[in-house]
Number of protein chains: 2
Amino acid sequence: MKLLEEYIKREGTVKPGNILKVDSFINQQLDVRLFVQLAREFARIFKGVNPTKILTIEASGIGIACVTALEFDVPVIYAKKNRSANRSEDVFSAEVTSYTHGRKYEITISKEFISPDDRILLIDDFLATGSALRGLIELVNNSGAELLGAGIVIEKAFQTGGSELRGRGIRVESLARISAMSVENGVEFCD
Amino acid sequence: MKLLEEYIKREGTVKPGNILKVDSFINQQLDVRLFVQLAREFARIFKGVNPTKILTIEASGIGIACVTALEFDVPVIYAKKNRSANRSEDVFSAEVTSYTHGRKYEITISKEFISPDDRILLIDDFLATGSALRGLIELVNNSGAELLGAGIVIEKAFQTGGSELRGRGIRVESLARISAMSVENGVEFCD
């Protein structure tokens with residue numbers, strides 16, 4: 001998506017350790033005018049899949065998920081992150097390893113809000129190693145709901161998450177796909 | 001706001017310890033169709049105040065803040081919660097005590113995203129003791145930005161946060177104000 005690539009070129013900065021900092025429009029400051037454009041693009045790409053709910057993960061996924069949910073006219077549910085394992089019988093849970101922070105955490109969602117009748121579209125801001133997305137997929141699978149696919153704002157296509165998930169037959173659609181990045185040369189996109 | 005009070009009556013449950021559970025539309029599942037109505041009400045109440053940014057706190061405030069920001073056509077910034085004190089010179093920080101979880105944490109916002117030129121409207125889902133809101137106000141004051149007021153979805157008016165902040169001259173507008181609640185009798189609203 002051209003507009004998003006321009007935002008990333010203009011406002012993103014690459015930090016050592018393959019960190020792409022996009023705090024000014026996606027992470028800490030949320031450019032809702034851009035979000036509307038991203039949401040319309042997700043709606044176009046996933047036209048006809050008819051989700052009943054959009055699932056994301058706290059915290060920075062929530063904004064883009066909400067604006068996208070307005071396009072589909074369905075509720076958002078978001079998985080919560082917990083430092084300690086939540087063994088409650090009231091939740092579905094999965095383990096996620098944070099690439100940025102280098103630690104493991106548990107994600108959970110209340111069983112009240114996801115059932116075999118649901119058709120779930122995943123929305124998240126980043127896809128790199130795919131750990132968060134694998135965790136969300138595990139939650140959906142455990143619930144018995146149908147997984148329609150995942151809409152990602154920025155994919156680091158030089159990492160393995162996207163290809164591994166597509167290899168499992170999961171529909172993963174990313175609005176910007178980064179083929180390479182470095183502190184020196186900035187960001188390059190896939191064709 | 002009548003529609004919101006109906007939602008709370010119908011879907012909210014009161015748990016021991018003065019906890020109001022509204023997970024099905026505000027906290028874990030986000031009813032974005034309702035959020036649009038709440039956002040329009042905030043836009044009506046705060047018509048003419050002309051914020052440059054909306055400030056909220058992760059995680060559950062982000063959704064309602066984003067939908068409200070669409071009404072005002074301004075970006076959202078959100079304060080991050082940290083377990084440990086962040087002494088970085090790049091952030092404004094304040095200490096917050098969580099009523100629900102009974103622990104202290106630090107909230108921070110990058111200095112990049114808030115400046116003396118900003119006119120800040122706070123949006124959050126809950127106001128009870130007011131600790132989170134006091135923390136957000138402290139961030140705004142530290143930044144030198146102008147504080148326009150706070151829009152709250154649900155205020156527990158039987159707790160002291162709202163009256164204390166209004167007593168300091170801060171404009172606090174809540175869409176639903178709960179006068180009393182109990183496990184036995186549910187929720188009652190202020191007139």
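A polar contact is a pair of N or O atoms within 3.5 Å; within protein, one atom must be able to donate a hydrogen and the other to accept it, and residues adjacent in sequence count only if both atoms are side-chain atoms. Between chain A and chain B, 15 residue pairs are in polar contact, both residues at pLDDT 80 or more.

This is a predicted model, in which local features need pLDDT of at least 70 and side-chain atom pairs count only at pLDDT 80 or more, while totals for chains, interfaces and linings use all residues. Residues are numbered from 1 along each chain as its sequence is written, chains are lettered from A and ligands numbered from 1 in the order in which they are written, and side-chain values use heavy atoms, with hydrogens and water left out.

**Interface**

The rule for salt bridges (a side-chain nitrogen of Lys or Arg within 4 Å of a carboxyl oxygen of Asp or Glu) finds 4 of them across the interface of chain A and chain B. One of them joins the side chains of A:Arg33 and B:Asp73, at 2.8 Å from N to O.

On the side of chain A that touches chain B, the elements giving two or more residues are α2 (23–27), β3 (29–30), α3 (32–45), α4 (61–72), β5 (76–82) and β7 (103–110). Helices (H or I, at least four residues) and strands (E, at least two) are DSSP runs, numbered from the N terminus. The largest share, 6 residues, comes from α4(A). By class, this side of chain A has 17 nonpolar, 8 polar and 9 charged residues; Ala, Val, Leu, Ile, Met, Phe, Trp, Tyr, Cys and Pro count as nonpolar, Asp, Glu, Lys and Arg as charged, and the others, Gly among them, as polar.

Contact (heavy atoms within 4.5 Å) involves 34 residues from chain A and 34 residues from chain B. The area buried between the chains is about 2700 Å², 60% of it from carbon and sulfur atoms; buried area is the accessible area (1.4 Å probe) that two parts lose on being put together, summed over both.

**Symmetry**

Chain A can be laid on chain B with an RMSD of 0.0 Å by a turn of 180° and a shift of 0.0 Å along the axis. The two copies are therefore related as by a two-fold rotation axis. Superposition is by least squares on the C-alpha atoms of residues with pLDDT of at least 70 in both.

**Backbone**

| Cis peptide bond | Omega |
|---|---|
| A:Glu58 to A:Ala59 | near -5° |
| B:Glu58 to B:Ala59 | about 0° |

A:Ala59 is in the loop between β4 (53–57) and α4 of chain A.
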